[in-house]
Amino acid sequence: MSNFYTDTPALKHHLHHPLMQRIVELKERSFRDRDGFDYAPVDFEDAMDSYEKVLEIIGEICDETIAPNAEEVDRDGPTVSNGHVTYAPGTQVNLDAVRKAGLMGMSMPRRYGGLNFPAVPYIMAADMVSRADAGFENLWGLQDCAETLYEFGSEDQHQRYITRVCAGETMSMDLTEPDAGSDLQSVMLKATCDEAEGCWRLNGVKRFITNGDSDIHLVLARSEEGTKDGRGLSMFIYDRKNGGVTVRRIENKLGIKGSPTCELVFRNAKAELCGERRLGLIKYVMALMNGARLGIMAQAVGISEAACREGYKYACERRQFGKPVISFPAVYEMVAMLRARTDASRAMLYETARFVDVYKALDDIARERKLTPEERQEQKKYARLADAFTPMGKAMSTEYANRNAYDAIQIHGGSGFMKDYTCERLYRDARITNIYEGTTQLQVVAAIRHVTTGTYLNQLRAYETLEYKPELESLKKRLTAMTGTYEKLVAAVTEPKNSEYLDFMARRLVESAAHCILGYLLLQDANKDGSFLRSAEVYIHYGESEVYKNREYIAGFKPEDLCSYQPETDPAPDTAGNNA
């Protein structure tokens with residue numbers, strides 16, 4: 001049998017990045033847990049060895065349990081009866097396997113029963129689980145809701161809820177409503193203080209809630225009477241044991257069918273406040289969403305990896321005109337791009353995870369003591385980079401997951417359209433990734449300020465100063481030229497000081513920055529490990545053409561041309577020729 005960790009050398013490559021030394025140092029606080037927990041590491045090498053051993057266990061479970069169950073789970077799906085969800089049999093087997101292995105609450109402190117892992121190895125686990133079954137990742141991966149509870153909840157809540165997550169209970173984040181999707185300021189689920197009982201009561205409806213019948217819910221609700229914006233929203237904890245919430249229905253979805261997406265009805269449900277009133281959206285949900293977006297990046301990378309393997313395998317096995325189809329240029333170009341997009345997405349995923357690890361660890365340390373001036377600067381630097389790379393990475397990795405799944409089917413030809421082949425399921429599972437936790441368009445809105453403030457350009461210049469092997473010099477020169485072109489594009493679009501024009505061109509600017517960043521990340525990978533050289537060459541060639549295509553589009557487009565794209569304001573005539 002294979003193992004999803006050991007059969008993917010890129011994972012070990014990214015795990016052993018130089019920045020991990022600092023991440024482990026911050027996370028382990030001079031390895032202070034070694035005297036209180038027999039499984040706590042005693043030094044850096046011991047910590048890295050622990051990560052590898054756990055990742056191998058996860059890789060084995062993915063190969064022997066989760067992946068073999070994926071088709072059955074996709075077919076059976078969850079069901080709802082008497083207001084509650086029953087998972088597909090295969091899903092329950094998967095949950096039992098990860099619980100038995102102690103893989104819930106991986107990133108939580110050991111004092112609550114967690115493993116105290118940094119984001120990097122936790123995200124690697126999510127990467128592998130998503131390759132095995134993207135739908136199951138939506139259940140297993142929601143344990144990262146505990147991170148928000150850890151950041152903003154009280155110590156009493158930590159003891160009562162985080163310990164349960166670490167023991168194997170599931171979580172959900174109940175945010176969206178029928179009239180509040182991307183615009184969460186419109187949330188109207190009502191929270192009323194019940195002074196007699198010393199709790200809050202929740203009433204209303206939530207929709208599109210992943211794993212909506214979970215054990216512990218984080219709920220965004222309107223706590224301030226008479227408000228209509230985000231300043232009236234607070235975060236609450238709902239415990240399923242208390243009752244008051246029923247599942248009205250499970251959505252009939254295109255993909256990720258093993259994950260129940262629920263419509264929930266809250267009827268005087270007992271809940272407790274998490275953190276402070278009024279900060280539910282503007283602080284807590286923003287943190288929750290950023291963590292969730294990193295998880296969706298991992299999900300997208302896992303799907304990309306699966307699609308890449310399916311496409312390559314079929315291209316090698318399928319023979320036409322007396323030879324395998326991979327020998328035809330039209331096909332081997334697609335296969336090469338499958339691998340390049342996967343490697344580029346993974347490089348962005350773990351670069352982002354490392355940034356998150358450093359600033360989150362320093363945030364946690366700041367709860368215990370005052371940070372030094374140097375630590376405050378370090379925290380500020382990595383928080384800014386995480387804030388910049390998360391929306392860009394979510395946008396690019398999810399779009400590439402969709403493209404990889406599409407191309408895997410194309411390589412299979414007519415067979416790929418049939419349910420006999422895995423790529424058909426991958427295609428359906430991939431489609432949600434660039435929609436939920438913020439569409440690609442919303443990620444561009446979040447990323448564009450890092451274009452205009454220079455965050456991406458400054459990081460590109462930092463990548464440029466690194467030392468690369470002589471044989472990579474030609475690729476570096478091309479990336480330097482691409483970066484120069486990107487800088488000029490930013491100047492050309494921002495110079496007219498037309499906000500609508502900037503918004504219109506935002507996607508092209510963010511994508512151009514991303515192509516340069518992804519190219520440099522792959523160049524760094526190739527600098528350390530020659531097995532990444534082909535992906536670096538293929539991706540840089542592709543990114544170069546995309547950046548220059550954007551240059552030509554922007555050069556030929558003026559702000560006044562926007563009127564051609566604006567919708568008509570007059571009512572459209574009806575089919576009878578009368579005004580609607």
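By class, the residues lining the second largest pocket of this predicted model divide into 18 nonpolar, 8 polar and 11 charged. That lining comprises 37 residues, and those nearest the centre of the pocket are Glu147, Glu151, Val356, Tyr359 and Lys360. The volume of the second largest pocket is about 670 Å³.

Which helix gives the most to this lining? It is helix 9, with 10 residues. Helix 5, helix 7, helix 10 and helix 11 are also among the helices that each supply at least two residues.

I turn now to the aromatic rings. The structure holds 22 aromatic pairs. In one of them, the ring centres of Tyr51 and Phe117 are 4.8 Å apart; the planes stand at 70°, so this pair is edge-to-face. Tyr51 belongs to helix 3, whereas Phe117 lies in the loop between helix 4 and helix 5, 66 residues apart. Tyr51 has a relative accessibility of 2% and therefore counts as buried. Phe117, at 5%, counts as buried too.

The pair of Tyr406 and Tyr427 is tilted, with 6.4 Å from centre to centre and 45° between the planes. Here Tyr406 of helix 11 is linked to Tyr427 of helix 12, 21 residues apart. Tyr406 is partly exposed, at 42% relative accessible area, and Tyr427 is partly exposed at 39%.

Finally, Tyr501, Phe504, Tyr553, Phe557 and Tyr565 make up one aromatic cluster. Over the face of Tyr553 lies Arg508, 3.9 Å from the ring centre. Elsewhere, the charged end of Arg131 sits over the ring of Phe4, at 3.7 Å from its centre.

How values were computed. Residues numbered from 1 in each chain as written. Predicted model: local features only at pLDDT ≥ 70, side-chain atom pairs only at ≥ 80, totals over all residues. Heavy atoms only, no water. 1 Å grid on protein atoms, 1.4 Å probe; cavity = no way out; pocket = protein on both sides within 12 Å on 5 of 7 lines; lining within 4 Å. Points joined across faces, edges and corners; volume = space filled by probe spheres on them. Helix = DSSP H or I, 4+ residues; strand = E, 2+ residues; numbered from the N terminus. Nonpolar A, V, L, I, M, F, W, Y, C, P; charged D, E, K, R; others polar. Phe/Tyr/Trp six-rings, centres within 6.5 Å; stacked < 30°, edge-to-face > 60°. Buried < 20%, exposed > 50% of the residue type's maximum accessible area, 1.4 Å probe, protein only. Lys NZ or Arg CZ within 6 Å of the ring centre and 35° of its normal.
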